[in-house]
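Me: Could you take a close look at one part of this model for me, the place where the two chains meet? I'd like one connected walk through it.

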Amino acid sequence: MITCEEFLAEFGDYLENQVSPEVRKELELHLSQCHACRVLCDSSRKTIKIVTESSSFELPGSVSDPIIDRVMAKLRTDRS
Amino acid sequence: MSFFSEVQLDEKFGPFVAFQTALGFVPNLLHAQTLLPRVIEAQVGLESSVRLKEGAIPRIQKERVFLSVAVDRQDGYCMTADSRMLSSLGASEDQIAALLNDYRNAELSAADVACLKFCLKLARYAPSVSSEDIAALRACAFEDEAIFEAVITTALAIYRCTLSAGLGPEPDFGGQRLASARIVPLHEGARQGLSSDAHGTARGKGPYVTVPYLSAKMFAPFAIVQKSHGFIPNFFRAQALRPDLLEAELQAVDRILVPEDVLTRVQKECILLAVSAANLNSYCVAMHCNLLRGLGMPSEDGDQIAVDHHESSLSDADKALLDFAVKLGTRSREFSGEDVVNLRAFGFTEEQILECVVVTALNNFANTLQMGLGIEPDFEPPPIFEKNKVHLSGADRTRIEDGGAMHLVDTLQNADAEWVARAQNGNLEAFEELVRRHSQLIYRTLIAILGNQADAQDAMQETLLSAFKHIGAFEGRSKFSTWLVSIARNSALQRLRHRRDFESLDEGEDGDFRPRQVRAWQDDPEQFYSKSQMRQLVEKGIMGLPVNYRVVVMLRDIQQLSTEEVAQQLGLSVPAVKTRLLRGRLMLREWLSPHFTTRVRGTAQ
């Protein structure tokens, strides 16, 4: 079986579903037998889900509109 | 005699001794490379492990593959050499004569005929190989290892023919046999295979061969790959069936591509990229675009070389170098000593031209191997390359079948193009539309670099003004959004330079990161927090990341671009993005853990 270190080396690609079937098999075999990596994997997936669904750093129209309006006004003045 | 000067090497030069022992002489193909002994070592390593060994495919059958490919390419040097080799292995004169004319009359077993048919299709037009061709081999009892050997033998045959065309060696023996050689026309079956593919019918995808898992720990030579690529590409993993061949290949890479004493690494990667593109090999295009990015070339420049290097920002000399390589790599029959002379006029030395020939040969070897094994991509090729490739009309395909290189400059058809054109003509409404479409992306890029809202909002104004000022310089080589991100990055970096807490956005050694929190999380961690509490928690966590990780996590997980897009937008290599992304995510996990573990339940403040 692969070591935790080898598991970690592939972990990023595994989270992104970018490993080949052979590698996946090895990783999942490791997961089935290693509690620490299983916790890491489960909590990392949950982290990604939370982060991607958080709508963080959305710039509300109430903030972006005045900025864009100011820029457009300046460009129009510069032109005339 | 060849196109290149010959240098007298020490009698004990290992590769020559090996050939002297195995064949009784040193082929002129090797004598033609004595200016660069290291490339001879590379070739001899490949020949010893692929060709001169009995394997799942017997040696004599491998020689038939070599001869058939040489006949197909009308390569006089290789035809003579390979006929002689077959003869020395006991093939009858009649059989050799038949192979020189039409292998189907050579009284071979059904399996041997199927093997030659497959190898010739792969050699002639690799992109048309599909799982159906592999199924035909399996029907003749070919197992994985034999299929792999058929592919790699063809790849080596092409390596040799490319070298022979580019080096112009004298035949090793008298050419009387050649008088009787007639070139077999493309068989009907093979033609049909080509034309059905030209219309873009669905093809079976690889990988065609199942391989065991091989890690860098188990196989030391992978360490070299890890170092140059940042990860182990599928290209190498797919060859795990035969670690001995893989080792010879990695040695060839080490001897041919790694040294910088003749051509630079960037020049060699450009050759690999341009010739792979001309061979329509999107796997290798993606790989070399990525490597070039890692070597510091902006991704738009790499993409442009893949589409048409004439329009790239390379020097005239380097463009001529790529013309030379593309011609040799795709239209070897038209290639002659004159091409070598012409390239010298651009100031290249004999050693440099010789190295270019060898790099082109290695490229064709790799392209053939990738297509023959159906190796799956590690990441996406540049969208503009795929677009051009997919849009090739039937007529263009014919041109490629005839050996023409692909040089199409297509207009980038993305949704922004029309608006961009109008904005470039000074239409302010069009510009405003573009800005509104991409305002989130710009803002998130800015806040990720600057680390606070107020600065990000100020910088946004600067970014938009600067974008309008420079929009005339946008040439449509990348996506418009990528270009906008680069403007935003510049605005943000300028601002940072005026601040004290300046953190570099450049590579820097990424320290080792070890996960510490080992408590399991709850099944449904979100349920105890409101949406706005979650958002606060995440924003705080992201702001706490080092800027390098913050930018990558922002674009990938918050803005939800693909890893490849993030790499392009930030001018980083894909592996660098992957590393930063994983580190950033794991740090966020540490930050979130106390709030979501089963035992401790924190609050969102």
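Reply: The contact draws 37 residues from chain A and 47 residues from chain B, where being in contact means that the C-beta atoms of two residues, placed from the backbone, lie within 7 Å. This is a predicted model, where local features need pLDDT of at least 70 and side-chain atom pairs count only at pLDDT 80 or more, while totals for chains, interfaces and linings use all residues. Residues are numbered from 1 along each chain as its sequence is written, and chains are lettered from A and ligands numbered from 1 in the order in which they are written.

On the chain A side that touches chain B, helix 1 (4-15), helix 2 (21-33), helix 3 (35-52) and helix 4 (61-79) each supply at least two residues. Helices here are DSSP runs (H or I, at least four residues), numbered from the N terminus. Helix 3 of chain A gives the most to that side, with twelve residues. By type, the side of chain A that touches chain B splits into 17 nonpolar, ten polar and ten charged residues. Nonpolar means Ala, Val, Leu, Ile, Met, Phe, Trp, Tyr, Cys and Pro, charged means Asp, Glu, Lys and Arg, and the others, Gly among them, are polar.

Over in chain B, helix 27 (residues 547-558) packs on helix 28 (residues 563-570) at an angle of about 135°, with their axes 9 Å apart. Axes are lines fitted to C-alpha atoms, for helices over the stretch in contact, and angles run from 0 to 180 degrees between N-to-C directions.
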